[in-house]
Amino acid sequence: MSEENRLIKRWLFDIECYPNLFLLCAKNVVTKERRIFQVSPLGDDRPAFIEWFNNEVEEMVGFNNIFYDYPVLHHALMVLWNMKGRDFCSRLFKFSDGLIKGTKKSFLKDNQHFRKQIDLFKINHFDNKAKTASLKLLEFNLKMKNIQELPFPVGTVLEDWQIKEIIKYCDNDVDATELLYDVTLPAIELREVLSPKYQIDFTNYNDVKIGEHIFISKIIKKAGEHLVYDRIETDRGIRKVVKNTIRESININEIILPFITFREEPFDKILQWFKTKTIKDLNGVFSEIPFEDLKILEPHYRVIKKNGKQRTLNVMYNDFQYDFGVGGIHGCIKPGIYIPLNDELIIDLDVEGYYPSESIQFKFEPAHLKGVYSEVHQEIKSERKLYPKKTPENTSLKLAGNGTYGKGGSEYSPLCDKQYVVQTCVNGQLLLCMLIETIQIEMNHTKILQANTDGFTLVLKKKDLEQLRTIYHRWEKLTGLVMEEACYTKMIISNVNNYIGVYDNGSVKRKGLYEYKLELHKNFSMLIVPKLLEKYFVDAVKPEEAIMNHDNIYDFFKRTKISRADKLHGRVYDHLGNIVSEEDEQRITRYYISGSMKKNKETKQYDIEGTGVTLIKEMPPLDPKITKKLLAAYDKAVDEEDYEGTLDDFRILSSKIRYSNIESEYLCTVCNDLDKTTEEFIRSNIHYQYYIDEVYKIINQIENE
């Protein structure tokens, strides 16, 4: 069967439920044919649905469909299908509402699905709190022409015209799902290759879960399932239970590598501090530390207070601050542009596969996997070298090698042993400090620019490059780790997480606020800013010039993100500040800056330039009870001289509906539906100075340091 023939039965779909409407909209991934099935006062398409479902569908692609859409469909087919239309819709809505509110749960296994489900929500790991993203946010990021929210509240008994609007809305969501599907297709195809290889259906596994499973499968193949699972007999039969290592405490002194030593006091003090610590958990270990616990570090740490404690564990060495934490070591020079002189180089050194390599070299392992864990890491590393980069085999082994460290802190994983996590990160940080100290003792004229988790960047004289290599090769021989070297011709640094690095081959590394090729869950608002920053810092093109030649209008767009408890209004004010008109806007609204509205200090009136609305967020009153949070807000307001009233005044103020201006002093044009405007109009309407000013805010921070 050809690939196209196989995919001809793969359909994108979305479901909407109301008390008098069941709606399923679908679109074929190959032919782009659309199908709409409803049960409502406008008609009953259940017979047509069954014919389509039985004859044309083998795979269904959705967004969060495993949690919601498919369970609704399954319940409809198995329990309610033969009911009269009115009862069918009413009962199905109650089931749907229960899923959303959490009062009902569906525990359908994959083998209970009548058709294979491909869930883009799970594949992209949007079910992770750190990466969560709604379809509406993704519509913005994917540059969808029409960003549309549900037009009528859930639970509305719909009129005929409203049903037609819901059909348009649902169809639009299917188009959004298609955009996400197109982006996710390489990941889907990877899972199709890996599933038969490892004899498990990876279809809806995220990358981390795939990596964990491959690693565990190799442990089982090498040493047996008993290392990772216990089998427990229950009333329902034999059940597998995750086996891991849970500890009451971790003595850090016992897990520091014996050859780690320092020659100078600052780093030696941090080593001694670690050796005094016994911890019970990972959270807060290296933050909010009582000052009495830091006496051993005096006077070599910088005091940073938070809630009466030290906010970060750090040490100062040669006027550079090194921060220590579970996520690794971090440090950065002050913001600026760093270009090596004619006799200088900027060299970036990173440890190759740092955390897996530590496991291999030092036998850092979860206790219950002793003797196996590090060997599997070594086998994966060796096997990966057999396959070209970006092949399914290489990619799967990369996932397996990189995905295990984080699971060491999860008590739900058979790879869990928090001592292994602490051992890996603490030794990793200290080993880098050993190398940094040696370089700065034995080499003159070196300057550290930044340190970040698995490496660091420094400036040195060209004539000293071979000496640097001699030093880190000596460190490699001591540790068994391998260092990777790169050369920058320029670095633009805001901080350790926000910088541009220009490699000697002309390619550019972007981090943080300078990135514009973002992961899908991030905020794609105003990408014109990082692009203009790169033009300025790398190509020496001024923002005023570059912005007028910029050809992508989507890069000017921003979006709101309003909580369900809040509302968003678009207001038009006159020169006196009176509201002329007001319209409700979507919680997730796409807009661009199209004007300004600033108060004139002399006339006390507003100077209005351009057109647009003022976006106002309406928030409910604060909790009327005097809580610690409320008192802290009051105290802060008084401390900052932003509030001169009494606490009773503040209580009254906090009991009122609150308003916030999304873009203070600026006017916005909402453009959720781009079919209702033109690119030419948008270009003529953009308030370019706003974006230029945003770019210069960062330029000035860098250049004025």
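Asp160 belongs to helix 7, which spans residues 160-198, where helices (H or I, at least four residues) and strands (E, at least two) are DSSP runs numbered from the N terminus. With a relative accessibility of 41%, Asp160 counts as partly exposed; here buried means under 20% relative accessible area, exposed over 50%, and partly exposed in between, with a 1.4 Å probe and protein chains only. Although Asp160 and Ser40 are 120 residues apart along the chain, their C-alpha atoms are separated by 8.8 Å.

The model is a predicted one, in which local features need pLDDT of at least 70 and side-chain atom pairs count only at pLDDT 80 or more, while totals for chains, interfaces and linings use all residues. Residues are numbered from 1 along each chain as its sequence is written, and side-chain values use heavy atoms, with hydrogens and water left out.

In one of them, the side chains of Arg6 and Glu192 meet at 3.4 Å, N to O. Because Arg6 lies in helix 1 (residues 3-7) and Glu192 in helix 7, this pair ties together parts that are 186 residues apart in sequence. Arg6 is partly exposed, with a relative accessible area of 25%, and Glu192 is likewise partly exposed, at 27% relative accessibility.

A salt bridge is also formed by the side chains of Arg191 and Asp207, with an N to O distance of 2.7 Å. This pair links distant parts of the chain, since Arg191 sits in helix 7 and Asp207 in helix 8 (residues 207-223), 16 residues apart. Arg191 counts as buried, at 1% relative accessibility, whereas Asp207 is partly exposed, at 37%.

Elsewhere in the chain, the side chains of Arg263 and Glu442 meet in a salt bridge of 3.2 Å, N to O. Arg263 lies in the loop between strand 9 (250-251) and helix 9 (265-275), and Glu442 lies in helix 14 (residues 418-442), so that this pair ties together parts 179 residues apart in sequence. Arg263 counts as exposed, at 51% relative accessibility, while Glu442 is partly exposed, with a relative accessible area of 31%. Salt bridges can also join into a network, as they do among Lys27, Lys32, Arg34, Asp171, Asp175 and Glu178.

The cysteines can be considered next. A disulfide is a covalent bond between the sulfur atoms of two cysteines, and the criterion applied here is a pair of cysteine sulfur atoms within 2.5 Å. By this rule the count comes to zero disulfides. Cys17 is accordingly in no disulfide, and the nearest cysteine sulfur, that of Cys89, is 7.9 Å away; Cys17 counts as buried, at 6% relative accessibility. For Cys487, the closest cysteine sulfur is that of Cys332, which at 18 Å is too far for a bond. Cys487 also counts as buried, with a relative accessibility of 16%.

Four strands form an open sheet in the order 25-24-28-29, with antiparallel pairing. Strand 25 (579-585) and strand 29 (658-661) stand at the edges with a single partner strand each, and therefore one side of each is left without a neighbour in the sheet. Within the sheet, strand 28 (residues 614-619) runs antiparallel to strand 29 and is joined to strand 29 by four bridges, and Met619 stands opposite Arg658 in strand 29.

A separate strand, strand 18 (residues 447-452), contains Asn452, which is partly exposed, with a relative accessible area of 22%. Asn452 and Lys363 are 89 residues apart in sequence and, from C-alpha to C-alpha, 23 Å apart in space.

Finally, Phe114 is found in the loop between helix 4 (85-101) and strand 6 (116-119) and is partly exposed, with a relative accessible area of 36%.

Key. Two strands pair if DSSP finds at least two bridges between them. A salt bridge is a side-chain nitrogen of Lys or Arg within 4 Å of a carboxyl oxygen of Asp or Glu.
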